[in-house]
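Here is a short exchange about one model. Have the viewer open before reading on.

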Amino acid sequence: MMLYPPVAELVSKVGNRYQLVNLVARRARQISAAAEEEGIILDKKPVSEAIDEVYTGKLTIEK
């Protein structure tokens, strides 16, 4: 089973796996809380959405 996007590419955009996991988890919680607050039903899982944001460059870590 191939994961898309590849984890190696995600790690290269963020720095290391630890930062990637923390960034994605934090953003996924934000997405989930906002959807619950507004009563929106999500088509995509919050973690998948957060991963897509990292992959496209929309979500980054400030250095």
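Predicted model: local features only at pLDDT ≥ 70, side-chain atom pairs only at ≥ 80, totals over all residues.

Author: Residues are numbered from 1 along each chain as its sequence is written, and side-chain values use heavy atoms, with hydrogens and water left out.

Reader: Which pattern does the protein follow along the sequence?
Author: Helices (H or I, at least four residues) and strands (E, at least two) are DSSP runs, numbered from the N terminus. The protein has three helices and zero strands. Read along the sequence, the pattern is α-α-α.

Reader: What percentage of the residues count as buried?
Author: The C-alpha atoms fill a box of roughly 35 × 30 × 15 Å along the principal axes. Buried means under 20% relative accessible area, exposed over 50%, and partly exposed in between (1.4 Å probe, protein chains only). Of the 63 residues, the buried share is 22%.

Reader: How is helix 1 oriented relative to helix 2?
Author: Axes are lines fitted to C-alpha atoms, for helices over the stretch in contact, and angles run from 0 to 180 degrees between N-to-C directions. The axes of helix 1 and helix 2 come within 8 Å and cross at roughly 90°. Angles under 35 degrees count as roughly parallel, over 145 as roughly antiparallel, 65 to 115 as roughly perpendicular and the rest as oblique. So helix 1 and helix 2 are roughly perpendicular.

Reader: Which residues of helix 2 meet helix 1?
Author: Contact means heavy atoms within 4.5 Å. Helix 1 brings Val7, Leu10, Val11 and Val14. On the helix 2 side are Arg17, Gln19, Leu20 and Leu23.

Reader: Are helix 2 and helix 3 parallel or oblique to each other?
Author: Helix 2 covers residues 17–38, and its axis comes within 8 Å of that of helix 3. The two axes cross at roughly 125°. That angle is why the pair counts as oblique.

Reader: How many charged residues are in the contact of helix 2 with helix 3?
Author: Helix 3 contributes Pro46, Val47, Glu49, Ala50, Ile51, Glu53 and Val54, while residues from helix 2 include Arg27 and Ile31. Ala, Val, Leu, Ile, Met, Phe, Trp, Tyr, Cys and Pro count as nonpolar, Asp, Glu, Lys and Arg as charged, and the others, Gly among them, as polar. The contact has 10 nonpolar residues and one polar residue, and the charged ones number three.

Reader: Is glutamate 53 buried or exposed?
Author: Glutamate 53 lies in helix 3, residues 46–56. Its relative accessible area is 5%, so glutamate 53 is buried.

Reader: Which side chain makes a polar contact with the side chain of glutamate 53?
Author: A polar contact is a pair of N or O atoms within 3.5 Å; within protein, one must be able to donate a hydrogen and the other to accept it, and residues adjacent in sequence count only if both atoms are side-chain atoms. Leaving aside neighbours within four places in sequence, glutamate 53 is in contact with Arg27, Ile31, Lys58 and Leu59. The polar contact spans 2.7 Å, and the partner is arginine 27.

Reader: What is the separation of the C-alpha atoms of alanine 33 and valine 54?
Author: Alanine 33 sits in helix 2. With a relative accessible area of 43%, alanine 33 is partly exposed. Along the chain, alanine 33 and valine 54 are 21 residues apart, and their C-alpha atoms are separated by 19 Å.
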